[in-house]
Amino acid sequence: MKRFLAGLLFAALCLTGLPACGSSDSAASDPPSQKEQTVPQQPDPETVLRNAAQAYTDQLSLEQQLAQMFFTRCPETDAAALAAQYNIGGYLLFGRDFEGQTPDTIRETIRSYQEAAATPMLIGVDEEGGTVVRVSSNPQLRAEKFRSPQALYREGGLPLLIEDTKEKDALLSSLGINVNFAPVCDVSTNPNDFIYARTIGQDAAATAECIREQVAQMQADRMGIVLKHFPGYGSNVDTHTGIAIDERPPETFRTGDFLPFAAGIEAGAQSVLVSHNIVRCMDDALPASLSPAVHDILRDELGFDGVVMTDDLIMEAITDYTGGENAAVLAVQAGNDMLVSSDFVTQYNAVLAAVQDGRIDPARIRESAVRVIRWKMQLGLIETDPAHSAE
C-alpha cells in the first residue's frame with residue numbers, strides 16, 4: 001500500500017510540473033557543480049609530445065640543435081668521441097660496422113656511443129632484405145640473410161612479409177639498433193628498373209597495402225621507420241653513380257608513386273627519405289632532396305609532419321651537381337630535418353657558418369631539432385617529461 005501511495009504522489013507531482021518529475025527548465029537553471037567547473041580538459045597525446053620535444057630542444061645550444069639534424073655515417077674510428085664532442089643526432093651503420101662482430105660486441109659498441117652522447121642517439125641501418133642486408137650479411141648475427149620483400153611476397157603474400165618484419169625488428173632491437181631505413185615504398189613492376197629488386201614488385205595499390213601493414217608492425221615493435229625514396233624512383237637510374245632526371249608527368253605520381261608513401265604516413269611512419277632524382281614536373285633544376293618545392297608537396301599535399309631526411313649527400317647525383325658543403329646548406333634551406341652525411345664535420349661547419357652569416361634562420365634549425373627529438377621520444381629514447389634535463 002505504501003508503494004502504491006508513493007506512486008500516486010509521484011504522478012501528481014509530474015502533472016503539476018513540480019521538480020520531482022525532472023523538469024528540463026529546472027535542470028537548466030541549476031548551477032553546475034563545483035566539480036564540473038574545475039575539471040581541466042586533458043591535452044591530446046600529440047600536443048603533450050610536441051610540448052615535451054620543444055621543452056627538451058630549448059635546453060640544447062644552437063650547436064647541439066644543429067648536430068641533432070645529422071644522421072651521420074658511423075666513422076671507423078673515434079665514433080664515441082665524435083658523438084660526445086658534437087651530440088650528433090644519429091649514427092648510420094654499414095656493412096663494415098658488422099664485419100667480424102658478434103651480437104655482444106655490437107651491443108657493447110653501440111652502448112659506448114649512447115653513453116658518450118648527451119642526447120640519446122638514433123642508431124640506424126639499411127636492412128631491407130635481399131640486396132641490402134647490412135646486419136644479416138654477417139652469419140654470426142643471423143644464420144641466413146634476410147630475403148627480399150619481393151621474394152617473400154611472392155611466396156607467402158602479406159602474412160609472410162609481416163612475419164619477416166617482426167623478425168627484423170626483434171634482431172635489430174636486440175643489438176641496440178632503433179631505426180631501420182625501410183620499407184622501400186618505390187613502385188616498380190619492370191625487372192629492368194634499377195630499383196625493381198628492392199621493391200615489392202607490385203602495382204601502387206598492392207605496394208601501398210604492404211607498406212601500411214609493415215609500418216603498423218614496426219610501430220608495434222617500436223622500431224624507427226624511414227619511408228624511401230620519395231617522391232618515388234620509378235624507372236630512373238642509380239643516383240649513387242650520377243644525376244638522374246625524371247621526366248614523368250604529375251599524374252603518374254599522384255595516382256601511383258605517392259600511394260605507398262601516403263599509406264605509410266597514415267599508418268604512423270616517423271620519417272621519409274627524399275631521393276636525389278631531379279623530378280622535372282616538381283622542380284626543373286634541383287634534385288628532390290634539395291628542392292623546397294618537393295618538400296612542400298610532402299608537407300602540404302601528403303600532410304607529413306615528421307622527420308624529412310636526405311639520402312646521403314656524398315652520392316654522385318649530389319656531388320656531380322654541387323659540392324658537399326653547399327649541398328648541406330641547400331638541404332637545410334629546402335626543409336630537410338636530418339641530413340644523411342658521410343662527411344659530418346665538413347657539412348656541419350658549413351651549415352653552422354650559414355646560420356652565423358644569416359643565410360639560415362636559427363628558427364629553421366630549432367624546428368628540425370624539435371622533430372628529431374619528438375621522434376626519439378616516440379621511440380622511447382627520451383622521456384616525455386618536459387622537466388627532463390638534456391644534460
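Strand E11 (residues 307–310) is covered on both faces in this predicted model, where strands (E, at least two residues) and helices (H or I, at least four) are DSSP runs numbered from the N terminus. Val307 and Met309 on one side are buried, as are Val308 and Thr310 on the other; buried means under 20% relative accessible area, exposed over 50% and partly exposed in between, with a 1.4 Å probe and protein chains only. E11 has a parallel partner in strand E9 (residues 271–274), with four bridges between them; two strands pair if DSSP finds at least two bridges between them. Within this pairing, Ser271 is found opposite Val307 of E11.

Residues are numbered from 1 along each chain as its sequence is written. Because the model is predicted, local features need pLDDT of at least 70 and side-chain atom pairs count only at pLDDT 80 or more, while totals for chains, interfaces and linings use all residues; side-chain values use heavy atoms, with hydrogens and water left out.

Ala182 and Pro183 are joined by a cis peptide bond with omega about 5°, and Pro183 sits in the loop between strand E6 (179–180) and helix H9 (204–220). Another cis peptide bond links Lys228 to His229, again with omega about 5°; His229 belongs to strand E7 (residues 224–230).

Positive phi values come next. Asn87 is not a glycine, yet its phi is positive, at about 60°. This residue lies in the loop between helix H6 (79–86) and strand E2 (90–93), and Asn87 counts as buried because its relative accessibility is 2%. Arg222, likewise a residue other than glycine, has a positive phi near 55° and is placed in the loop between H9 and E7.
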